[in-house]
Amino acid sequence: MILKDALLNGTKILKSADIDTPVLEAGVLLCHVLNVDRSFLYSHDDYNMTDEEQEKFVSLLEERIKGKPLQYITGHQEFMSLDFIVTPDVLIPRQDTETLVETVLRHIKDTGLKNARILDIGTGSGCIAVSLAYFLKDSGVFALDISEGALQIAGTNAKRCGVEDRVFFLKGDALGGLADIIAQSLVIKEFERGDEGIFDIIVSNPPYIPKEEIKTLHRQVKDFEPRTALDGGEDGLDFYRAITCEAQKILKPGSLLAFEVGYDQAEKVFGIMEKNFCGIEVVKDLTGIDRVVMGYRK
């Protein structure tokens, strides 16, 4: 089968399975099978695929129509113009989360903060921690996650992006006493501590889906992405409460705490932060949805 026909057939198969962007995804899968960039599909549309290539393409199409996310099939997702490895051990990075990274970068620029010490809670693929380390060349970023599998993927991404010497990984449960995890960390103990806090910035995109709503999510989310990265408790706010409470113990006075929030959670997270944080702001994403809530330790 020539490449043009394979693309056409793949598009039809994905369209019949109600995939939203069948042409795009068929092309991505073909590029993955052939290990080429997208321009090859159009400049070599008469390329005669081998039997092995055709069989692999059909196999990947079958995985996709069963609901497996495209990113888990190819093992890649772009974030902040960087290429991240993703597996079912980690949440797939979303463009929405770039708003959180950009908020922190803007804070650094506006304040002129140098040699920032940053904690990323619930690092997953490492997309936030690695991106911040990549764009803030003098920073030290500490990335916490409860999942050993996630930490391994995040470590791989740190190496791929050339920041493995400035991203330090910690294993622990953010609901289980964050300050204690930090206090017991051998990685943190290697760094000089201040009397009034350790970190200049704490950032987190925590699990924020209410427990009962998970079953209503699209199948490629609820059936494939890790539940621990989705489940935010009964009202979706468990991690915001826990992190906000613990952050005041490890964040320097006047320093930044920034969260990604769900589409209807900004006001509630604002309220959670009011007791111990000031100058609280809500930042909208590119679609105009309240996406980030940020404030400063009193």
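In this predicted model, helix α8 is followed by G162, a residue whose phi is positive, near 75 degrees. Working back from that point, the helix itself covers residues 148–160, and because its 13 residues at 1.5 Å a residue should span 18 Å, the 19 Å between its end C-alpha atoms agrees with expectation. At the N-terminal end of α8 the cap is provided by S147, which places a side-chain oxygen 3.3 Å from the backbone nitrogen of G149.

Which residues of α8 are buried? They are G149, A150, L151, I153, A154, G155, N157 and A158, and these buried residues pack against β2 (82–85), α7 (127–135), β4 (140–145) and β5 (167–171).

Strand β4 leads on to D145, which is placed in that strand and which, at 11% relative accessibility, counts as buried because the cut-off for that term is under 20%. Leaving out residues up to four places away in sequence, D145 touches G122, T123, G124, A150, L151, L170, K171 and G172; A150 and L151 are also among the buried residues of α8. The side chain of D145 reaches the backbone nitrogen of G124 at 2.8 Å, while the C-alpha atoms of D145 and D173, 28 residues apart along the chain, are separated by 6.8 Å.

Strands of a sheet pair through backbone hydrogen bonds, in either a parallel or an antiparallel manner. Within this sheet, strand β7 (residues 251–260) and strand β9 (residues 290–297) run antiparallel and are joined by five bridges, with L256 standing opposite Y296 in β9.

A last stop is T103, found in helix α6 (residues 98–111). Is T103 buried or exposed? With 2% relative accessibility, T103 counts as buried, and, leaving aside neighbours within four places in sequence, T103 is in contact with V283, V292 and M294.

Terms used: Residues are numbered from 1 along each chain as its sequence is written. This is a predicted model: local features need pLDDT of at least 70, side-chain atom pairs count only at pLDDT 80 or more; totals for chains, interfaces and linings use all residues. Side-chain values use heavy atoms; hydrogens and water are left out. Helices (H or I, at least four residues) and strands (E, at least two) are DSSP runs, numbered from the N terminus. Buried means under 20% relative accessible area, exposed over 50%, partly exposed in between (1.4 Å probe, protein chains only). Contact means heavy atoms within 4.5 Å. The expected span of a helix is 1.5 Å times one less than its number of residues. A polar contact is a pair of N or O atoms within 3.5 Å; within protein, one must be able to donate a hydrogen and the other to accept it, and residues adjacent in sequence count only if both atoms are side-chain atoms. Two strands pair if DSSP finds at least two bridges between them.
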